[in-house]
Amino acid sequence: MTPTPDLAPASPEALPDSLRKPVGARKAVRPRHPYRAALSTARARTGLVLVGVVVLAGLLAPVLAGHGPTDQSGQSLAALGTPGHPLGTDDLGRDLLSRVLYGIRADLGIIAIAVPLGAALGCLFALAAAAHPVADTLVQRVFDLILAFPGLILALAVTAILGPGRLPVVLVIALAEIPAFGRLLRGGILVQREREYVTAARVGGSSGPRVLVRHILPNAADPLIVQIAVSLTVAVFIEGAMSFLGVGVRPPEPTLGSVLSQSMPYLDQAPHFAAGPLITVTALVLGLSLIAEALNRETRR
Amino acid sequence: MTELFPASPPLSPLPAGGPSRRTALRAAGGGSLLLGLGLAGCRSAVSEASSDPKKAAAGAAPKRGGVLSVAINADFTPALLFAQSGQSLQQRLIYNTLTRYDGDLTPKPELATSWTYAKDGRSITLNLRDDVTFHDGRAFTADDVIFAVKNLQNPVRAAQLRSTAAAVTGFEKRGDHELVLKLAHPVNNLFDLFEFMIITDEKTVEDAVTGKKLIGTGPFRLKKWSPGSGLTLTRNDRYWQPDRPYLDGVELRVIPQADALISSLRSGQSQLSFHVPGKSLGTVKSDPRLKITDYDTGAGAVYLGVNTTVAPLNDRAVRQALAWAIDRERLLAQTLGGYGIASAAPWPKSSPAFSEAHRTHYTHNPGKARELLRSAGHRKLELPLLHIALPGDTAIAESIQYDLKQIGVHVTLEPTDGAAAQKKLIAQQMPALWSMGHGFAQVQPSTLAVSAYPFNEAKNTSEYRSAAYTKVVREAWTKPESGVAGANTLHEKISGILLEEAFIIDLVVRGQVQVNADRLHGVTQNKFSYLNLDDAYLV
Amino acid sequence: MRSYLLRRLPSALLVLFAASFLIFAILRLVPGDPATSLAGPDASPATVAAIRDRLGLDAPLLSQYAHWIGSLLTGDLGPSYAIGGDVSDLIGDGLGATTELTLAALLFVILLGTAFGILGATSRSRWIRSAIRVTTTAALAAPPFVSGVLLVVLFAVVLGVLPPGGRVAFFDAPDLAAQYLLLPALCLALPSAAVLGRYLKDGIERALAEDCIRTATAAGIAPRRLLWRHALPGALPPVVTLLGMQTGHLLGGAVLVEAIFAWPGLGQLAEQGLQRRDYPVVQDLLLLLVAAFVVVQLLTDLVHAWLDPRIRWE
């Protein structure tokens with residue numbers, strides 16, 4: 001048994017939180033469901049607004065953008081507030097507002113596939129681990145292996161093998177999410193299995209799988225909700241990092257990470273180039289982590 | 001951060017005469033930062049360079065001493081010591097070549113003092129300097145030249161001029177300092193080889209290609225190579241040119257990131273670089289202590305390669321349509337910062353094959369391009385384009401993609417890392433289109449066709465072959481050096497075929513740009529970008 | 001203790017073995033090989049064939065794998081294929097640079113994290129407490145490529161007081177080296193410092209809420225003394241474990257931070273090695289990183305087992 005890794009947070013937000021005073025404690029009537037309580041805190045509301053605005057902007061990109069995201073012109077590096085280009089233009093004269101908006105869309109598209117995929121795979125591993133001690137050892141070593149590999153080097157290799165595009169990005173994100181989900185669920189199952197009500201159900205004659213599905217899983221899966229919010233931020237992070245290393249989605253399609261990385265050589269001459277993607281990425285990631293944090297605090301109570 | 005670096009008021013008195021707000025900010029920030037580190041009073045890594053511009057301008061006389069620091073963007077690759085690689089600056093610092101070209105490709109003496117061609121062009125007699133020693137004290141003789149040629153004939157050395165070296169089939173020594181090279185057939189780019197070929201010590205050659213020991217006859221000797229960081233060289237006190245070099249030493253410092261490289265030039269930590277990207281030169285230009293020199297020899301060319309086995313690109317008219325579709329001027333301005341010349345032909349201005357008519361053979365004419373496509377029976381095409389997944393190359397590919405879209409050719413980009421792209425290039429596995437760079441247009445025009453693989457008449461990536469091309473290339477290459485008269489017609493013919501057949505569509509001949517501190521003088525380069533610091537000095 | 005270690009050892013070795021196999025296989029799957037990358041863009045196929053032959057790339061894969069494992073066991077890593085120099089020297093130099101960066105970042109993590117933790121838990125000023133909450137939230141949320149760009153814009157472009165990237169070796173010029181080190185180390189440290197700060201803050205708050213401390217407060221013992229003598233020591237053990245884990249995170253994060261700030265460490269070496277298909281360099285380096293991870297994890301487990309005897313007998 002390796003207790004530490006099991007308790008180890010996949011990311012900082014999953015850390016066991018303190019016994020600090022809950023934010024929503026003063027309310028007279030406590031909502032029945034902890035998630036609803038969590039989402040009604042000020043912290044979560046801020047997060048929801050931030051994420052909501054960014055997501056909405058991405059979804060409405062075709063309406064809001066005045067230009068195609070890949071339309072070039074001779075007008076390079078136009079400043080903020082140039083007529084027709086509120087965020088200016090990039091080195092090839094493309095409208096930065098359009099690139100940022102479509103960049104959000106591209107990021108959302110990737111995340112929407114990659115995170116559920118990673119979560120599903122992680123949960124499958126965890127179920128396998130719960131089934132048999134030998135499988136458990138193997139699964140744990142697989143998690144170790146994934147965690148031990150420097151992710152970005154793996155990203156470079158995977159992209160070189162598969163060729164450029166969304167597929168390698170999705171795969172690398174999914175792969176990175178597997179151990180977090182897997183360890184959480186596995187840990188949850190182990191804890192719940194020792195609980196009295198489970199023993200009671202088993203003594204009462206329920207079959208193993210039935211106990212697992214009816215009693216253990218619903219309780220063990222609780223922390224996964226928080227982990228999903230955390231994973232979304234990790235996914236934005238990985239997409240950006242891969243773009244920075246030149247192995248992101250196929251150009252000229254913009255992503256938040258790729259627009260930001262393209263602005264790097266121009267930080268001195270045209271710092272505004274970086275402004276749009278910088279603000280958007282920050283808002284998105286900040287919003288997601290606020291939500292994760294709020295959920296975490298409530299569910300841990 | 002706030003805990004560590006309190007925003008304290010500037011401690012140092014500001015320079016008199018109304019400092020700008022920016023200077024004040026710098027001083028304030030710098031002061032508090034240094035304070036935070038407990039390093040008050042130390043140098044700043046971004047401070048203004050120490051030299052006073054007036055003083056630098058006044059002291060023009062050459063002066064002994066000083067160590068020059070050169071900023072390079074990629075490290076020396078010892079395995080490529082005998083090949084043309086991205087980083088060739090150290091070649092002429094540690095080693096010498098037999099001859100060197102002047103501006104119009106006339107060879108001048110280096111280790112060879114004089115030479116005579118046989119009348120039939122099938123042999124050449126070289127007279128060599130007799131006062132040259134290697135860094136380990138051994139005297140330089142004709143045997144070292146024989147070894148140098150034989151060494152380049154070995155395919156493992158990856159020397160692009162191997163075909164020319166391989167044309168040397170016999171060696172006849174007449175004493176230690178006279179040598180006759182016998183040729184299988186006349187070649188007109190022998191002096192390209194002499195410009196390219198460094199004279200190395202035979203005994204230590206295996207240590208040289210692993211970077212352990214670099215022994216040559218050049219003005220500087222290797223003190224240390226730290227992979228990833230660069231080379232440290234010290235003065236060769238027994239250099240064959242009296243009183244040279246002026247410098248006590250040279251450092252080649254690897255700084256891969258453009259911003260960091262520029263910052264090292266501006267702070268005076270390095271005094272010379274050839275690797276400031278064109279689009280960043282704007283930043284450098286505003287700095288009065290840095291000098292920009294733009295060479296017209298070119299630093300290679302950006303081209304669009306076409307795989308002629310992919311339909312409908314087997315149709316010459318379609319390839320020509322692509323050549324008309326691209327806005328070379330915009331590409332040059334937006335992706336290369338305007339440094340270079342938009343050109344449909346591969347030649348830089350200094351090449352004997354350069355002509356204005358060829359340079360502007362194709363200009364930006366989407367109407368004509370669409371018309372050519374339509375007459376070939378196409379309205380819309382979908383083609384993949386491979387490019388190297390580095391920021392600069394990606395921008396070029398995106399620019400090409402956009403221009404081609406305007407004539408109905410929809411391109412899917414395939415960013416690929418360098419090694420994979422290389423493999424496809426050599427193995428003739430390129431997709432329909434690719435964009436890359438090529439070299440070898442700055443020397444004898446025939447060298448391009450026999451030494452640069454994309455242009456090779458016998459086997460190239462485009463899989464383009466024609467009897468006419470082969471004939472004219474071989475004729476140009478094997479024409480005896482003495483018969484200059486017919487050369488121009490042959491160059492004309494080569495350019496004509498390249499432009500008409502458009503299997504390699506040249507876009508921009510890139511500029512070779514040198515940025516140096518104004519206190520550095522006397523820097524030159526040879527045609528293969530070997531840095532020559534024999535006469536360089538710092539004031 | 002020893003028996004616990006012995007029990008954990010086989011699975012650690014299993015991970016290493018599986019990793020070596022994976023690394024080898026992945027590298028061979030990546031198209032292009034060291035020979036093509038060495039030969040250069042204008043090379044002919046004959047040149048590539050000759051280089052392949054010299055590097056032994058035509059040997060059967062199994063014997064190449066055996067050769068690699070053999071080189072690891074004898075400790076003679078041999079020469080690199082494409083970058084030049086000996087693999088051990090390359091890795092040694094990179095390790096030096098990365099260690100320098102990681103240690104500097106660790107220093108920042110401890111300093112900033114402790115400051116965040118103590119101030120956040122004990123400051124009387126609401127304003128300071130919220131400021132710290134906002135700072136830690138932002139530091140946690142911002143990916144290094146965002147905070148890195150912000151740091152470069154602020155300190156290198158707007159203020160112009162620090163270089164945007166690059167490295168000067170520490171022993172050549174410590175004063176300059178420190179300035180080059182500052183931005184990347186800060187960028188690398190921020191998220192971990194925020195984690196540490198929060199964890200410490202929660203630990204202190206929990207300790208202060210315990211009955212004995214309440215009693216002590218009631219008995220009139222000075223709050224400052226309580227903090228340093230009781231609450232802080234109580235909060236420390238899990239923080240030490242956390243620090244161990246965060247060191248792993250720092251090493252992992254170093255790859256990206258090195259790319260942003262052109263810091264010539266192991267991350268850059270791995271990237272360069274992979275780009276040029278320098279098999280020996282990438283193989284040895286990746287396995288080293290996996291081994292480091294395994295060892296750190298083993299040590300963390302050991303510390304935990306030492307702190308909590310129940311685990312040893314489980």
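Modeller: In chain B, seven strands form an open sheet in the order β8-β9-β10-β1-β11-β19-β12, with mixed pairing; strands (E, at least two residues) and helices (H or I, at least four) are DSSP runs numbered from the N terminus, and two strands pair if DSSP finds at least two bridges between them. This is a predicted model, in which local features need pLDDT of at least 70, side-chain atom pairs count only at pLDDT 80 or more, and totals for chains, interfaces and linings use all residues. Residues are numbered from 1 along each chain as its sequence is written, while chains are lettered from A and ligands numbered from 1 in the order in which they are written.

The edges of the sheet are β8 (220-226) and β12 (290-295) of chain B, and because each has a single partner strand, one side of each is left without a neighbour in the sheet. Elsewhere in the sheet, β1 (residues 67-72) and β10 (residues 249-254) of chain B run parallel and are joined by six bridges, and Val70(B) stands opposite Leu252(B) in β10(B).

Helix α8 (residues 258-266) of chain B lies across β1, β11 (272-273), β12 and β19 (512-517) of chain B, and runs at about 160° to β1(B). Here contact means that the C-beta atoms of two residues, placed from the backbone, lie within 7 Å, and the angle, on a scale from 0 to 180 degrees, is taken between N-to-C directions of axes fitted to C-alpha atoms, for helices over the stretch in contact.
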